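Dear colleague,

I am passing on the structure below, together with notes on what came out of going through it. Please read the notes with the coordinates open.

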Amino acid sequence: MERMSMSGEDYLEAIVELGGPSREPVRCVDIAESLDVSKASVNKAVSVLKREGYVDQQPYGGVVLTEKGLAYGTSVLDRHKLLFAFLTQVVGIEESVADEEACKMEHAISDESFPHWVAYAKRIGLEPRERPGV
């Protein structure tokens, strides 16, 4: 899968978290609050994600992930959960710091290396965890 910008990945991850696997429509104001950005920034990002086929949105309606968007956003969220668990449970980093660092690291892990992370986590009995406040 071709990688998008870190910002685009953050938007997809937030939409997955807010809409869940059932792909419920997500309000732009909720995305803005989740990412601590302006509603104008969300509207711009959603326009790009729509153009690239990751989300759909009816005029004045909520944002809904396409199959492509759900797959990509879920892969980013899975990386975040695994990294968060690793940083808190193995390395012993405090949750708020681990959440921030996992958010930065999730963008750098390739599709090729992530299965190795998952295999290692299974070998040591590490269970991916939700980020704080989710």
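Directly after α1 comes G20, whose phi is positive, near 70 degrees; helices here are DSSP runs of H or I with at least four residues, strands are runs of E with at least two, and both are numbered from the N terminus. Please keep in mind that this is a predicted model, in which local features need pLDDT of at least 70 and side-chain atom pairs count only at pLDDT 80 or more, while totals for chains, interfaces and linings use all residues. Residues are numbered from 1 along each chain as its sequence is written, and side-chain values use heavy atoms, with hydrogens and water left out.

Helix α1 itself covers residues 6-19, and its end C-alpha atoms lie 20 Å apart, which agrees with the 20 Å that its 14 residues should span at 1.5 Å a residue (the expected span being 1.5 Å times one less than the number of residues). The helix is mostly covered, with 10 of its 14 residues buried, where buried means under 20% relative accessible area, exposed means over 50%, and partly exposed lies in between, with a 1.4 Å probe and protein chains only. Among the buried residues of α1 are Y11, L12, I15 and V16, and also the charged-type positions E9, D10 and E13. Their cover includes α2 (28-35), α3 (39-51), β1 (55-57), β2 (63-65), α4 and α5 (95-105), judged by contact, that is, heavy atoms within 4.5 Å.

In the loop between α1 and α2 sits P25, which is exposed, with a relative accessible area of 53%. Leaving aside residues up to four places away in sequence, P25 touches G62, V63 and V64. From P25 to A40 the separation is 15 residues in sequence and 18 Å in space, C-alpha to C-alpha.

The other helix I looked at in detail is α4 (residues 67-90), whose 24 residues reach 33 Å from the first C-alpha to the last, close to the 34 Å expected at 1.5 Å a residue. In α4, 17 of the 24 residues are buried, so this helix is largely enclosed by the rest of the structure. L77 and S34, by comparison, are 43 residues apart in sequence and 14 Å apart in space, C-alpha to C-alpha. Just after α4, G92 takes a positive phi of about 85 degrees.

As for the chain as a whole, it has 6 helices and 2 strands, which run α-α-α-β-β-α-α-α from the N terminus on. Its radius of gyration is 15 Å, close to the 14 Å that the globule rule gives for 134 residues, so the chain is as compact as a globular protein of that length; the radius is taken over C-alpha atoms, and the rule is 2.2 Å times the number of residues to the power 0.38. The C-alpha atoms fill a box of roughly 50 × 30 × 25 Å along the principal axes. Buried residues make up 39% of the 134 residues, and among contacts between residues at least 6 apart in sequence, 64% join residues at least 24 apart.

With best regards
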